[in-house]
Amino acid sequence: MSRPAPGSPLGLGLVRFESVTLELAEGSVLALYTDGLIEARDQDIGAGMNRLRAALARPDLTLDDLCSSAVDTLRAKPPSDDVTLLLARTRSLSADQVASWQFPSDPAVVCRARTLATRQLAQWGLEQLAESTELIVSELVTNAIIHGSSDRSGDCSIGLRLTRHEMLTCEVSDASHSHPLA
């Protein structure tokens with residue numbers, strides 16, 4: 001199992017986080033936690049990390065049950081620090097569950113994006129979602145065009161992706177690496 005070097009604990013805000021790209025096998029569990037979950041005054045933090053790793057080695061459990069079990073296992077007494085555990089399990093989607101397109105940053109592409117999205121919904125048998133999806137695609141693509149920024153080459157590309165799994169997910173991206181302002 002490959003693990004990135006640990007960074008600053010969540011919530012401290014002392015240092016910038018660097019992005020890391022990892023390939024994880026389907027069914028892998030990603031755990032984000034605060035040091036209050038694994039650290040004790042009378043125990044090495046490495047031992048706490050090993051106990052967490054062992055507690056999470058239960059692929060038969062749902063994420064809810066795994067999270068409860070891990071917290072119960074690691075915190076036998078009331079915690080002396082904040083405790084947070086966030087779990088995510090990877091899954092793969094087949095190619096026919098995802099449709100994606102790239103558009104130039106031009107308001108004229110909004111109509112094309114709507115058309116492609118509704119055509120894809122028809123292929124998936126999700127025609128009942130066409131009207132609301134068209135509105136969502138229009139709004140998101142328009143916002144990306146207006147508020148997005150160009151990439152390093154000066155091109156501004158807008159991405160649209162629809163994912164059909166347990167629910168329909170609509171994602172729009174631009175070349176910006178910044179977060180929206182509140």
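These are my notebook entries on a predicted model of a protein.

**Ground rules.** Since the model is predicted, I took local features at pLDDT of at least 70 and side-chain atom pairs only at pLDDT 80 or more, while totals for chains, interfaces and linings use all residues. I number residues from 1 along each chain as its sequence is written, and side-chain values use heavy atoms, with hydrogens and water left out.

**Layout.** I looked up the secondary structure and found five helices and five strands. Here helices (H or I, at least four residues) and strands (E, at least two) are DSSP runs, numbered from the N terminus. Read from the N terminus, the order is β-α-α-α-β-β-α-α-β-β.

I then looked up burial, where buried means under 20% relative accessible area, exposed over 50%, and partly exposed in between (1.4 Å probe, protein chains only). Of the 182 residues, 24% are buried. For contacts (heavy atoms within 4.5 Å), I kept those between residues at least 6 apart in sequence; 62% of them join residues at least 24 apart.

**Surface.** The accessible surface is about 12,800 Å², and carbon and sulfur atoms hold 53% of that. Areas come from the Shrake-Rupley method with a 1.4 Å probe; for residues, only the protein chains shown count as cover.

I noted a nonpolar surface patch made of Val20, Leu22, Leu24, Leu30, Leu32 and Leu86, with about 510 Å² of accessible area together. Patch members have over 30% relative accessible area and no salt bridge; like charges are joined within 9 Å, and nonpolar side chains (Val, Leu, Ile, Met, Phe, Trp, Tyr) within 5 Å. I placed Leu86 in strand S2, residues 85-89.

**Helix H5.** I checked the length of H5 (residues 130-147): its 18 residues should span 26 Å at 1.5 Å a residue, and the end C-alpha atoms are 25 Å apart, which agrees. The expected span is 1.5 Å times one less than the number of residues.

Which residues of H5 are buried? I listed Ala130, Thr133, Val137, Ser138, Val141, Ala144 and Ile145.

The buried residues of H5 pack against helix H4 (109-123), strand S4 (157-164) and strand S5 (168-173). I took Thr133 as an example: its relative accessible area is 4%. Leaving aside neighbours within four places in sequence, Thr133 is in contact with Ala117, Leu121 and Leu168.

**Strand S4.** I looked up Thr163, which is found in S4. Thr163 counts as buried at 12% relative accessibility. Beyond neighbours within four places in sequence, the contacts of Thr163 are Leu93, Gln97, Val98, Trp124, Leu168 and Thr169.

**Salt bridges.** How many salt bridges does the structure hold? I found two, a salt bridge being a side-chain nitrogen of Lys or Arg within 4 Å of a carboxyl oxygen of Asp or Glu.

Arg161 pairs with Glu171, the closest N and O atoms being 2.5 Å apart. This pair links distant parts of the chain, with Arg161 in strand S4 and Glu171 in strand S5, 10 residues apart. Arg161 is partly exposed at 39% relative accessibility, and Glu171 is partly exposed at 33%.

Asp60 meets Arg58 in a salt bridge at 3.5 Å, N to O. Asp60 is exposed at 57% relative accessibility, whereas Arg58 is partly exposed at 34%.
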